[in-house]
Amino acid sequence: MRKLKDFIKDKKIDLKKLEEFGFKLINNSYYYYTSLLKNQFKMSVKISLDNSVFTEIIDTETNEPYVLHLLEMKRSGYSEKVYKAYSEILAKIQKECFEDEIFKANYTKEIVAYIKNKYGDELEFLWEKSPKNAVIRRKTSNKWYAVILTISKRKLNLDGDEIIEVINLHNSPEEIEKLIDNKRYFPAYHMNKKHWCTICLDGTVELEEIYKLIDISYKLTK
């Protein structure tokens with residue numbers, strides 16, 4: 001079987017949806033079987049609980065594995081048809097059985113849920129070259145009131161090159177000046193440092209405190 005490397009990058013498996021799709025749990029892995037091109041091929045998809053995904057196509061006439069669809073440089077008209085049918089199945093599985101999980105930190109997930117539940121606002125990913133950075137804007141004014149970024153600690157003048165998730169929040173210049181201590185609250189990364197501050201989403205600032213600051217930022221964008 002062929003292992004797919006980027007199939008579940010930044011994705012989270014929904015086991016219930018896997019079963020609804022037709023996957024069967026066998027020996028701690030989920031299996032799905034289907035046919036391609038009017039039963040000329042059998043396709044199987046295996047998803048392990050460690051999030052590894054494997055696929056295999058069998059030629060029903062020879063009962064041998066078919067691999068020509070994987071050779072991009074050598075795909076002909078026929079193998080291109082196989083590849084198209086194969087890709088359509090995978091795209092459907094990805095769409096129906098996986099959820100986006102761009103941000104990994106539990107704090108980030110809690111904050112995204114808080115904002116969605118309280119204000120009904122969703123993450124917007126505006127930058128193709130920075131797919132792990134998102135903004136959240138107030139519907140009534142179209143103004144940003146939160147920005148979630150994935151950066152290196154070094155960007156905040158902290159020791160180490162560990163990649164962390166942070167949030168930028170709007171506040172009054174007076175409050176920003178009071179908050180900044182370069183330990184819990186930092187000058188805004190890549191934004192106006194007079195009106196914004198950056199908070200690491202790693203537990204250094206309690207969630208309840210961040211929620212209060214989100215509410216202030218939201219009010220300032222009316």
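Predicted model: local features only at pLDDT ≥ 70, side-chain atom pairs only at ≥ 80, totals over all residues.
Residues are numbered from 1 along each chain as its sequence is written, and side-chain values rest on heavy atoms, with hydrogens and water left out.

E4 and E5 pair in the antiparallel sense over eight bridges, where pairing requires that DSSP find at least two bridges between two strands. Helices (H or I, at least four residues) and strands (E, at least two) are DSSP runs, numbered from the N terminus. Leucine 36 stands opposite phenylalanine 41 in E5. The hairpin of E4 and E5 has four residues between the strands, and leucine 37 in this hairpin takes a positive phi near 50°. On E5, pairing with strand E6 (residues 53–59) is also antiparallel, over seven bridges. Lysine 42 is placed opposite isoleucine 58 of E6. The hairpin of E5 and E6 has four residues between the strands, with a positive phi near 75° at asparagine 51. Strand E5 (residues 41–48) is mostly covered, six of its eight residues being buried; buried denotes under 20% relative accessible area, exposed over 50%, and partly exposed the range in between (1.4 Å probe, protein chains only).

Helix H2 (residues 77–97) has 21 residues, which at 1.5 Å a residue should span 30 Å; this agrees with the 30 Å between its end C-alpha atoms. The expected span is 1.5 Å times one less than the number of residues in the helix. Buried positions in H2 are Ser79, Val82, Ala85, Tyr86, Ile89, Leu90, Ile93 and Cys97. Seen down the axis of H2, these buried residues fall within an arc of 130° and so line one face of the helix; the arc is that of the directions from the helix axis to the C-beta atoms. An α-helix has 3.6 residues a turn, so residues three or four places apart point the same way. Gly77, Lys81, Lys84 and Lys95 are exposed on the other side of H2.

An open sheet of five strands has antiparallel pairing and the order E9-E10-E11-E13-E12. Its edge strands are strand E9 (134–137) and E12, each of which pairs on one side only. E9 is joined by four bridges to strand E10 (residues 144–152), and the two run antiparallel. Arginine 137 stands opposite tryptophan 144 in E10. Helix H3 (residues 106–119) packs on the sheet, touching E9, E10 and strand E11 (163–170), and its direction makes about 165° with that of E10. Helix H5 (residues 207–219) also packs on the sheet, touching E10, E11 and strand E13 (196–200), with its direction at about 45° to that of E11. Axes are lines fitted to C-alpha atoms, for helices over the stretch in contact, and angles run from 0 to 180 degrees between N-to-C directions.

Within this sheet, E10 is mostly covered, as seven of its nine residues are buried. The bridge partner of isoleucine 136 in E10 is alanine 146. The bridge partner of alanine 146 in E11 is leucine 169. E10 and E11 pair in the antiparallel sense over seven bridges. The hairpin formed by E9 and E10 has six residues between the strands, and asparagine 142 in the turn has a positive phi of about 65°.

Asparagine 182 lies in the loop between helix H4 (173–179) and strand E12 (186–187). With a relative accessibility of 45%, asparagine 182 counts as partly exposed. Apart from its neighbours within four places in sequence, asparagine 182 is in contact (heavy atoms within 4.5 Å) with Leu158 and Pro187. Asparagine 157 is 25 residues away along the chain, and its C-alpha atom is separated from that of asparagine 182 by 8.4 Å.

The structure holds zero disulfides, a disulfide being a pair of cysteine sulfur atoms within 2.5 Å. The sulfur of cysteine 200 is 11 Å from the closest cysteine sulfur, in cysteine 197, which is too far for a bond. Cysteine 197 is buried, with a relative accessible area of 2%, and cysteine 200 is buried at 3%.
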